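This report describes a single protein chain in plain terms. Please look at the model below before reading on.

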Amino acid sequence: HRADVFLRRLADWQRSGDMPDLAIVHLPNDHTTGTTPGYPTPQAQVADNDLALGRILQGLSASRFWNETAVFVVEDDAQFGVDHVDGHRTIALVAGPYVRRGTVDSTFYSQVNLVRTIEQILGLPPMNRMDVAATPMSDAFTNTPDLTAYRVQRPEILGATNQPASALQGPARAWAEASARMDFSVPDVEANRPLLNRVLWYATKGYDVPYPGDARALLPNEVPAGGN
């Protein structure tokens, strides 16, 4: 839905020839709803988010504005979930004709580096001491443009739905019922992130695979409060 709204706005900008210098789009479905019965699976919700982003990039790359566009994609936070390196890491993507293609930039960046880069592109002064001290993400860019348009691919996993609790047994049922008790009415309102992190881990890895840092796979009532 949010991609539809953006693309309608883009069509208006195409007709007028005037696009805002900065547009911010929030795509919230990759927060997921855990394994809440009857809702899309976590994998399907992340795929929905990916499709929305791909549709937006496809529209932008086919537009009259693409030759002077840069798109920055970042999660609002890492939910202090862990990955194979560090729980503070989160994904960041950059797209545009002046972005280096097929490159992984391993420079240490934070959200402030991303803000500083946007300020630099738009000719805006830093807002505070944090971004004035941050280094722009210069290594992500090149002086030689590649105007190739992006073509979106539809994920096959779209539409997959969590099973009803009555069809589940053991840990899968316990975690589905715990998911159903969580508050997903707006992003980030759910305060029990240790529970959500684990249900997403188990839904992906299996309910017998321990979450990183746990000695064994846990049930919802065994998750320590305030943990990761």
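This is a predicted model: local features need pLDDT of at least 70, side-chain atom pairs count only at pLDDT 80 or more; totals for chains, interfaces and linings use all residues.

Residues are numbered from 1 along each chain as its sequence is written, and side-chain values use heavy atoms, with hydrogens and water left out.

The chain has six helices and two strands, where helices (H or I, at least four residues) and strands (E, at least two) are DSSP runs numbered from the N terminus. Their order along the sequence is α-α-β-β-α-α-α-α. The C-alpha trace spans about 55 × 40 × 30 Å along its principal axes.

Helices H1 and H2 pack against each other, as the table shows.

| Item | Value |
|---|---|
| Helix H1 | residues 2–16 |
| Helix H2 | residues 42–61 |
| Angle, H1 to H2 | about 10 degrees |
| Axis separation, H1 to H2 | 9 Å |

Axes are lines fitted to C-alpha atoms, for helices over the stretch in contact, and angles run from 0 to 180 degrees between N-to-C directions. H1 and H2 are therefore roughly parallel, a term for angles under 35 degrees. Residues of H1 in contact (heavy atoms within 4.5 Å) with H2 include Phe6 and Leu10.

Leu22, Ile24, Ile121, Leu122 and Leu124 form a nonpolar surface patch with about 500 Å² of accessible area together. Such patches are made of residues with over 30% relative accessible area and no salt bridge, with nonpolar side chains (Val, Leu, Ile, Met, Phe, Trp, Tyr) joined within 5 Å and like charges within 9 Å. Accessible areas come from the Shrake-Rupley method with a 1.4 Å probe, and for residues only the protein chains shown count as cover. Ile121 lies in helix H3 (residues 111–122).

Terms used: Angles under 35 degrees count as roughly parallel, over 145 as roughly antiparallel, 65 to 115 as roughly perpendicular and the rest as oblique. A salt bridge is a side-chain nitrogen of Lys or Arg within 4 Å of a carboxyl oxygen of Asp or Glu.
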